[in-house]
Amino acid sequence: MFLLCGALRVLSSQELEDENGDEELEDVRECFGCWEPLAKYTHFSPACGFNLHEKCAKLPFKLNHVCHRKHPLALQFNSERLSCKICGETNRKAVGFVYGCSPCKLVVHIECASQSPLQVIKSTNHEHPFTLVFRQVPFTCDTEGNHVAHRCGTCNIIIHKNCISWPRIIKSKWHDHRLLHTYFHHIEDFGVLNCMICHDEVNTEYGSYYCSKCNAIFHVHCVTEDERSYSIVSPEDEDEMPYESSITVLESNDAGEATKIEHFLHIHNLMLSPVVGKNENGCDGCLLPISGPFYSCSFCDFFLHKACAELPKMKDVGHHLCQKPLALISDRVFRCRECLNVCNAFAYECCGCKAKKCLQCVLALTPGAQICLKHEHPLFYYRDYNGKCNACGYTTRAAFRCKIMMITII
């Protein structure tokens, strides 16, 4: 609980300087209550150096508040660093004063306790304002929780204070296109409602991020969990400029499919093969066997999966921690940063740290279902998995898993 140490008296800054010298004044620049710079007049305790703004010293010791009706809230230090019941945040700078209920392990920030019930907050990603709802009832937001709610009366949306500030558009390393935040989704717009990162179903009753081009959907906290993996797109930059394609289309069929292309990493033109099935040749991009549509060169033994040929010249990769994008390269002997294999096929090289990743690893770790030649169902990559691989038996903390048969492969 909050206890004053020693008698307090009001001293001006000049008195502090005269009585204690410049060195002492250095020690009393912040208020022990709010940890903000001290004003001209302070309450100062010579016995133990306990310093307060006058306004902080005059805060009422007990407070009745509608967010907690069981007990009165008492002024105290937040020594346990509990999160505020209203805003859900913890004061990161220092312990400071809060109003708290010790039996219920509950605290409320001083500024949150003084908020008006009629407070209106404007949202960056919603067209209507939100109002504060002090009634203490559990509710489901983009995350589960029972902090004080903020409600849009027009759309009947109830969310946490922190969720009001989710950016409207972000660029994530987990996806090639920009992602938009919305509170309203129509199920028929998505073939699959599984989050592209955690692979659990996204409930369209609540807010989420989605890609309008791919009909891909993400949980809010999955795509924003790591601040290094996404960037906020400002309103003036909302018109998307996609990364340049690796191919130039020279001829197309009636269906609009490119049948003759020029690839920037090969000297000859490539032709699309209509053959779908097993092929004796391997892809020169990813080195995997060709079992679907592919491009080939009539002058040399050069083959590319259609998907490998259409990869962009630059790519953002979610599992790469460097902030820079990766550039597509070839004809260089390198050791892959992920699998540690040495090869000279296609690779993506980081424009910042120059780390190189083979095409197999880049494609395998890109969110979305992956096909295993020895398994009938698609496999999904899980970043946080603790178990054994069904292929080699080794324990792993990240793996590909089959959601149907629960088979795990490193």
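## Strand β28 and its partners

A347 stands opposite C358 in strand β29, and β29 (residues 356–358) pairs with β28 in the antiparallel sense over three bridges. Strands count as paired if DSSP finds at least two bridges between them. This is a predicted model, in which local features need pLDDT of at least 70 and side-chain atom pairs count only at pLDDT 80 or more, while totals for chains, interfaces and linings use all residues. Residues are numbered from 1 along each chain as its sequence is written, and side-chain values use heavy atoms, leaving out hydrogens and water.

Strand β25 (residues 326–329) also pairs with β28 in the antiparallel sense, over four bridges; here L326 stands opposite C350. Both faces of β28 (residues 347–350) are covered, with A347 and E349 buried on one side and Y348 and C350 buried on the other. Buried means under 20% relative accessible area, exposed over 50%, and partly exposed in between, using a 1.4 Å probe and protein chains only. Five residues separate the strands in the hairpin of β28 and β29, where K354 takes a positive phi near 70 degrees.

## Aromatic rings and a charge

Rings of Phe, Tyr and Trp (its six-membered ring) pair if their centres lie within 6.5 Å, and planes under 30 degrees apart count as stacked, over 60 as edge-to-face and the rest as tilted. By this rule there are two aromatic pairs. One of them is the tilted pair of F77 and F97, with 5.2 Å from centre to centre and 50 degrees between the planes. F77 lies in strand β5 (residues 68–77) and F97 in strand β6 (residues 97–101), so the pair ties together parts that are 20 residues apart in sequence. F77 counts as partly exposed because its relative accessibility is 27%, whereas F97, at 5%, counts as buried.

Elsewhere, the charged end of K313 sits over the ring of F264, 4.8 Å from its centre. For this, NZ of Lys or CZ of Arg must be within 6 Å of the ring centre and within 35 degrees of the ring normal.

## Around H305

H305 is found in strand β23 (residues 303–305) and counts as buried because its relative accessibility is 14%. Leaving aside residues up to four places away in sequence, H305 touches C283, C286, L288, P289, I290, S291, P293 and F294; contact means heavy atoms within 4.5 Å.

## The chain as a whole

The chain has seven helices and 34 strands. These are DSSP runs numbered from the N terminus: helices are H or I with at least four residues, and strands are E with at least two. Of the 410 residues in the chain, 43% are buried.
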